[in-house]
Amino acid sequence: MSHDHGDHHDMSGMKMDHGKMNHDMSGMDMSGMDMGHDMSGMDMGGMHMHMNHGDMKKRFWWSLVLLVPMLFVAPFMGVDLPFTLSFPGSNWVTAALATAMYLVGTKPFFSGARGELKEKKPAMMSLISMGLLVTYWVSMYAFVAKTFFDVDAMDYFLEFATLVVIMLLGHLIEMQATMKAGNATSELSKLTPQTAHVKHGDSFMDMPVSSLKSGSEVQVLAGESFPADGTVLSGSSQVDESLMTGESKPVQKAEKADVIGGTINGDGTLVVKVTAVGGDSFIGKLKQTLNQTESSSTKAESLANKVAGWLFWVGLLSAVAALVIWTAVSGLTTAFNIAVTTLIIACPHALGLAIPLVIQRTKAIAAKDGILIKKHGAVLSAKHLDYALMDKTGTLTTGHFQVLKLATNNYDENQALATMAALEQQSSHPLAQAIVKKAQDAKIDIPNASNVQNIAGAGLTGQVNGQDYSIVSARYLHEKKINFDELDSDGSVSYLTDGNKVLAAIALGDAIKDSAKDFVDQLKAHHITPVLITGDGQSTAEKVAHELGITDVHAGVSPQDKIDWVKKYQEKGKTMMIGDGINDSPALAQADLSVAIGAGTAVAQASADAVLISQSLPKIIDLIDLAHHANQKELQNLWWGAGYNILAIPTAAGLFAFAGIMLNPMIGAVVMSLSTVVVAFNAILLRK
């Protein structure tokens, strides 16, 4: 197939220069982290994370400092341990330390519980808060009763303190493991420049982009991004719209052509009349779509929250039932103690650590494997996937120019490559750099060229070793009536001529990644159907799909189309989306599991659940396998953590009292501690 692209400096298959956009995340750069609300496992419920990560860390360390002296002065479930220090006023010290911890460490849980109860969905925060309130205030009652009224009563200050510290630790681990790198809509704002060259009279002045209005005239120089949507009034250039539209081939722009804000201008200078700004622009509408998608996206509620919600009601109702029944049987004092013991037994020490420890371990393993997990809940909820939708340019292909084919007409290949590289080596254009790199990789000596000049809309010409040569397009050869055999390639084809005949033809384009075929094969082996979804044309998309063995192909799709396709596949099963471009971001936010390519845009990375920093696509398969194993560990930990509570709560409430079985608070506390150790050790055992 022959391609006539007008200018031989076609940019087929190339993504825009991320450096120009000033938002490259440089691999795993986590600056500007936004905490977001994704707190799977220990989900924040109605709590909207008033605490930032630094504040949470301070609360944990202050609470830990307060806990250390309490270990030596507070009795354990009413029993003095061998190292417990008892001295005149020690009970005052204990109460003071516990009160300080109450003021410092409980706010995150109480805030979260308020949100959960407001939504009428008590879960982890409500269960923790119930335990904190009961242990602290019952202990304060016991302190007052013993100190001022000489009434023997057992306090639970140490249990309160350990619950605060353990829950803050779990909370902190999970915050670190689920932080979202960036915010997609704010990253979109970075695509347009801060200033624009706005026409005033007969000249152009630099003005803030915010001052632009529909009808303003702006000048866009070579290599600059367009400040707003508009229509070209004068000039000619090629524009890379790949990250916006998914179309890998650059688009020729001349008078009356439409341009999109945020796309990158090529080598020419354009004067553009602004037609849309703000919410009416392409980026503005993309922001609206992205916000709607993220707000309506239903990531699965964590299993830990569901378990915590059940335990909250079981613990509360069991305590109320015990209070009523035991009051009738043995009086209010005995009933009160049994009810309190029941509520304390419901405290989720192990449950609060069960998920965060697995999350931290999962994240660490994935990071070593070249994958940054940002939203752990989404990763775990999508452990069994049915469909994998994939972008083409920059995802399955390299997104960078390289030589696809070189053909000569009775001319030495090395000499042809040397001549073309000589003409191109002064240019910074990606196509030119690809030719020079090919020559350098082949260890070919590149001669110097002189008198190199552009041929408007066709290519360039110059002298090498005293001989005139040109690198031009097929259209130029047709216009000059120079006979030649067109090179059949899906890439951008240019021809080397000495003015009389064509010496060589070179095709440059976007090549399929080395790991792409293996990745697609592994998806199929995991019974996951691969789907190619791209803004590129149908023929290009089908060629790539055929080479990779993908049968489901959707080409020429817009960002909104990608969301619609994700939703359609979600109706049939769990759906993953893999992409790297701005046009992929709404679909990434919509999918059950989304993976952004690390070399792609910050917008895509901010929208995704995980970022592939490694260059190897099969690492995504490793992520899916890891999610499966991590989910098993979480289930095991939930059984260890909640299983204790499930057995202990009815026992503490006196359900088996008829058989002479009552739960001793001391034994209950020991078993509680052991279950916490078990879940921690089990999380450490997680492997790939």
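Predicted model: local features only at pLDDT ≥ 70, side-chain atom pairs only at ≥ 80, totals over all residues.

Residues are numbered from 1 along each chain as its sequence is written, and side-chain values use heavy atoms, with hydrogens and water left out.

**Stop 1: the rings.** Rings of Phe, Tyr and Trp (its six-membered ring) pair if their centres lie within 6.5 Å; planes under 30 degrees apart are stacked, over 60 edge-to-face, and the rest tilted. That rule gives 15 aromatic pairs. Select Tyr-102 and Tyr-136: with centres 4.3 Å apart and planes at 25 degrees, the pair is stacked. Tyr-102 belongs to helix α3 (residues 90-105) and Tyr-136 to helix α5 (residues 124-149), so this pair ties together parts 34 residues apart in sequence. (Helices are DSSP runs of H or I, at least four residues, and strands are runs of E, at least two, numbered from the N terminus.)

Buried or exposed? Tyr-102 is buried at 15% relative accessibility, and Tyr-136 is buried at 4%. The cut-offs are under 20% relative accessible area for buried, over 50% for exposed and partly exposed in between (1.4 Å probe, protein chains only).

Jump to Phe-312 and Trp-313, whose ring centres are 5.2 Å apart with planes at 80 degrees, so they are edge-to-face. Phe-312 is buried at 9%, whereas Trp-313 is partly exposed at 42%.

**Stop 2: Ala-630.** Look in helix α22 (residues 619-652) for Ala-630, which is buried at 0% relative accessibility. Which residues does Ala-630 contact, leaving aside neighbours within four places in sequence? Show Val-358, Thr-362, Leu-380 and Leu-686; contact means heavy atoms within 4.5 Å.

**Stop 3: the sheet.** Six strands make an open antiparallel sheet, in the order β12-β17-β16-β15-β14-β13. Strands pair if DSSP finds at least two bridges between them. At the edges, β12 (397-408) and β13 (449-455) each pair on one side only. Zoom in on β13 and strand β14 (residues 459-464), which pair in the antiparallel sense over five bridges. There, Ile-455 stands opposite Gly-459 in β14.
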